[in-house]
Amino acid sequence: MSMKNKETKSLPQETKAQSVLNEIMSGDPVRIALSILLGFVIGAIFMVVFNEDVVKSWSNFGADPNYALSTVWWTIQDGYGALFSGSIFNLNSDNFVDAIRPLTETLRFAGPLIMAGLGVALTFRVGLFNIGATVQIMMGLAGATFVSTRLHMPQIIHMLVAVAAAVACAMVWGIIVGVLKARTGANEVIVTIMLNYVATSLFTYLLREPNLLLEANGGGTPKSDRPDGTAMMGALIGTEYKLNYGLIFAGLAVLFYWWLMERSTFGFRFRMVGHNSSAARAAGIKVENTFIWALAISAGFAGLAAAAQGLSVDGGLTTSIEAGIGFDAITVALLGGSRAGGVVMAGLLFGAFKAGSSSMQVAGVSPEVLGVVKALIVLFIAAPPIIRAIYRLPKPGSKVLEAAKSAKVAKVIK
Amino acid sequence: MSKIEVTPGMFSKAEAKPSLKAPLAMLAGALVVLIFFGLLGKTGNIDFVWSDKRETIQLPEFTVNSMLFCTIVGALLIAIGAFSLWLSLRNKKTPFWLIAIYALGSIMALLGWLATGATQGVQMVFILSNTLVLAIPLIFGGMAGIMSERVGVVNIAIEGQLLTGAFVSAVVGTMTGNLYLGMVAAMIAAGLVSTVLASLAIKYLVDQIIIGVLLNVLVIGVTNFLHSAWLNNDSSHLNFPGTFDRIAIPFLSEIPIIGQVIFNNRITVYLMFLIVPVLWYVLFRTKLGLRARAVGVNPLAADTVGINVAMTRFWWVTLGGMVAGLGGAALTIGNVGSFGREMSGGQGFIALAVVILGRWQPIYVTLSALLFGFTIILRVWANQVSPGIPVDFITMVPYLVTLVAVAGFAGKVKPPAASGQPYIKG
C-alpha cells in the first residue's frame, strides 16, 4: 500500500486524485462497506413501508407532514436502535454488567457460526460447494449429546471427549460426501441436499430412541436429557454472562484454519485444486483424495460448531437445536470471502443479528427484517455487478482505471 | 435424405456397455421384499380398499395374507431383476415399462407390509390422489429445473421461486378475490426472480449456484418478514384466498380408482397434464427445443451456427421461473388455501433432485416427482397404520433413492454438457 502511495504521489494532480479514488472504490473493503450500508438502507425501507403507524400517519400527510416524517424516523430508530442495544451495548441499563451483556451474547452466537462458516469456506477454496453443514452439525450434535448424557467422566475430560465425538461424527458424514464425490462423480450439491434430509430424519429418530438420546422418563416428543455438568462448556468470563468456552474453540478453529489454508502444504494443495483442478492433477496432486480430505476437515469444523451449540444448552436437545446454523454458515462463508479474517467478521455480524433480534421483537419491530438485510448484504457482495451498477463504481480493469495505470507506468518508465 | 437414428453403440462398442449396477440394485431390492416382507414377514391379512365411499361404482375389497402376497410380489420382482440382468449382459437396455412394473410391485409390497393387520387397510384412492396433489409443486419445480438446465443454467433458486409463487398467489388471490389473477401474478413474480438469476448468471457471469442459493435466502427473508409484519396483522383480507374449486370431468370421473384420482381435481393439476407433454414435445420434437438443447450442450457450436446463446438462455430460464411460480400457486391456492411461513419447505431442492433422477426428461421427471409425492403421503398414512418400523426411516427412502441414483447406480446420470458453465462470446 505504501509503495502505491509513493508512486501515485508523482502523478499529475488530476490523474492522481482520480486513480486513488478509483483504486479505493473498486477495492474490496469499500465495496463490502457499501453493500452492508445498502442492505441496512433497504431493510429500513421494508421496516417503514410495512409499519402500521407510518402508513396511518402518511394517509393524512397533508394534515400533519411533520408527524408523518417523524414516524418514519422513529420506526427506523426503534428498529436499528433495538438491534444495537441488543447486540453491542445496552444504553438503557444502569450497571456495567448489563450494559455489555449484549456484546457477550453476540460473541456467544457468533462462535458456532464462525466455526461452521470456516467449514463451508474451506470447501469453497477447494472449488466445492458443500451445503451439507446442516447434516454435519446434526450428527455432531448427536455424537456430543450421546457422550454428554450417557457417559460419565471427570470434569474437562468429559467435555473434551464430547467435543471429539462431535467432530468425529460430523467427519464421518463429510467423508461420505467426499467419497461419493470422488469415487462416483456425484454432484456434491445434490448429495449434500439429500443428506440434509436423511440426517434430519435420522436425528429425529435418534432423539426418539430410548437407548440412544431420548431423555429418561421421556414421552413421545423427541428430546434428550440435559448434558452432564461435567461435559458442559462452562462460563468464560463469569457466571453472570452466558458466554462460554465455545468461544475459545472458535478462536482456535480460526487460527487452525488460517494456518491450514495459508501456511501448510495441505492447504496449498487445497487451493491449487480449487484454482485449477486439471493443472493440479497434472502437477501430481491426487485431486479425488484432496476432495475427500477437504470435505472431512470441513465437516470437522461443523462438528466443532455442533459441540459448542450442544454443550451449552440450558435444557435438553430438541430437533430445533440446529437453529439454521448450517444454512447461515453458507452465507457467512460467502460474506467472509472464504478467508479466516473475513469469516470472523461475517460471523460476528450475523451473531449480532441473532443476538439483537429478541430486543427488536420487544421494541415492536419484526426481527424478520434482519433476514432481508442479511440476504441483501451477501447478494450484493457475491454479485459485484449489482453494487457497481447502483453506486456507479468503475469496473476493475475499466478504461478509467487502465488510463490511470498506464499513466503511472509511463511515469515510472520516464 | 433418409433419417438415421443414432443409437448408443453405433460408433463404438465401449459407449454402449450398460452398467450392471442397476439390475444388481433391483435384485437386491427384490430380495429384501422376498425375504423380509414375504418369507420372514408378518402373518396378518392385508385389506386393499380400492374405492372411496363417495364413488358411484364400488369395487370389492381385496383381502390377502401378508406373507403370501409379499412372497409372490418378491418372486415377481426377482424375475424382473434377473431378466434385466440378462438383458444388460447382452448389452440391451431394460425397457422402461419393466422398471415401472418393478416400482409398482415394490410399492404395493411396501404398502401391504406396512398395513398388515391395520383396520382401515390400504386406501388406494386416498394414497394415490394425495400423491398426485402433493407432487404438483415438485413437478412444476422440476419442469423449471429442466427448462433452465437444458439451456445450461443451473437453477438452485427453484425453492425461492416456489415460495414467491405461493406468497404472491395467496396475497393477490385474496386482495382481488380472483384466484386466477393470483395464479398469473404468481407466475409473473416468480418469473422476475428467475430474471434476476438469468441476468446475473448470463450477462454478469456471477456463479450460478451462489446466486441461486442467495436468491433463496432473500426470498425466504422477504416472505418471512412480510408474513410476520404484514399478513399476520390482517390475514382475513390478505392471506385467506381459499382454493380453486374441484372440476369433475363428466363420465371420466366416474371410472373406478383413476376417476377420483385424476379426473376430479383442481385446475393446477390439469395444467400439469397440459404443461408436461407440451414441454416434452417442444424440447424433443421442435426446432426451438433442438436449439435450446444445443445451447445447453455446446454453446460455442450453437453460437457458430447463429443461435443467440444469451437470449435463448435468458428466455428459457425466465419461462422456467414462471412455471415454478405456478408450482408455488399450487401449494397455496391449489392445495392448502393460505400462505404459511417457509411453506415450500425445501421442495425446490427436492425438485432439483427430481430433475436428476428423471434425467432431464419431462416425463421421467414427472414420474420421479410422483415418487416423492408418494413418500410425503406415505409418512402421513404410515403414522395412522402404525407399522413396525420407525416412520423416520420411511421418510428417508426417497432421499436415499436419489443418492443411489446420483451415485451412478441407476445408470450413468449425465447432465447437459454445458450445464452451470457461463458462455463468454469470444
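**Aromatic rings in a predicted model**

Colleague: Which ring does the charged end of A:Arg108 sit over?

Modeller: In this predicted model, the charged end of A:Arg108 is placed over the ring of A:Phe109, 4.8 Å from the ring centre. Another such case is A:Lys374, which lies over the face of A:Phe350 at 5.3 Å from the ring centre.

Colleague: How many aromatic pairs are found over all chains?

Modeller: The whole structure holds 24 aromatic pairs. One of them joins A:Phe46 and B:Phe225: the ring centres are 5.8 Å apart and the planes stand at 80°, so this pair is edge-to-face. It crosses between chains, from helix 3 (residues 28-49) of chain A to helix 7 (residues 208-229) of chain B.

Colleague: Is A:Phe46 buried or exposed?

Modeller: Buried means under 20% relative accessible area. A:Phe46 has 18% relative accessibility, so A:Phe46 counts as buried. B:Phe225, at 2%, is buried too.

Colleague: What makes the pair of A:Phe350 and A:Phe353 stacked?

Modeller: Planes under 30 degrees apart count as stacked. The planes of A:Phe350 and A:Phe353 are at 15°, with ring centres 6.1 Å apart, so the pair is stacked. Both residues are in helix 15 (residues 340-362) of chain A; being 3 residues apart, they are separated by about one helical turn. Together with A:Phe40 and A:Tyr80, A:Phe350 and A:Phe353 form one aromatic cluster.

Colleague: Where is B:Phe36 placed?

Modeller: B:Phe36 is in helix 1 (residues 21-39) of chain B. It belongs to a nonpolar surface patch with B:Leu31, B:Val32, B:Ile35, B:Leu39 and B:Leu40, which have about 550 Å² of accessible area together with B:Phe36.

Notes:
Residues numbered from 1 in each chain as written. Chains lettered and ligands numbered in written order. Predicted model: local features only at pLDDT ≥ 70, side-chain atom pairs only at ≥ 80, totals over all residues. Heavy atoms only, no water. Patch = residues over 30% accessible without salt bridge, like charges linked within 9 Å, V, L, I, M, F, W, Y side chains within 5 Å. Areas by Shrake-Rupley, 256 points an atom, 1.4 Å probe, with all protein chains shown as cover. Salt bridge = Lys/Arg side-chain N within 4 Å of Asp/Glu carboxyl O. Helix = DSSP H or I, 4+ residues; strand = E, 2+ residues; numbered from the N terminus. Phe/Tyr/Trp six-rings, centres within 6.5 Å; stacked < 30°, edge-to-face > 60°. Buried < 20%, exposed > 50% of the residue type's maximum accessible area, 1.4 Å probe, protein only. Lys NZ or Arg CZ within 6 Å of the ring centre and 35° of its normal.
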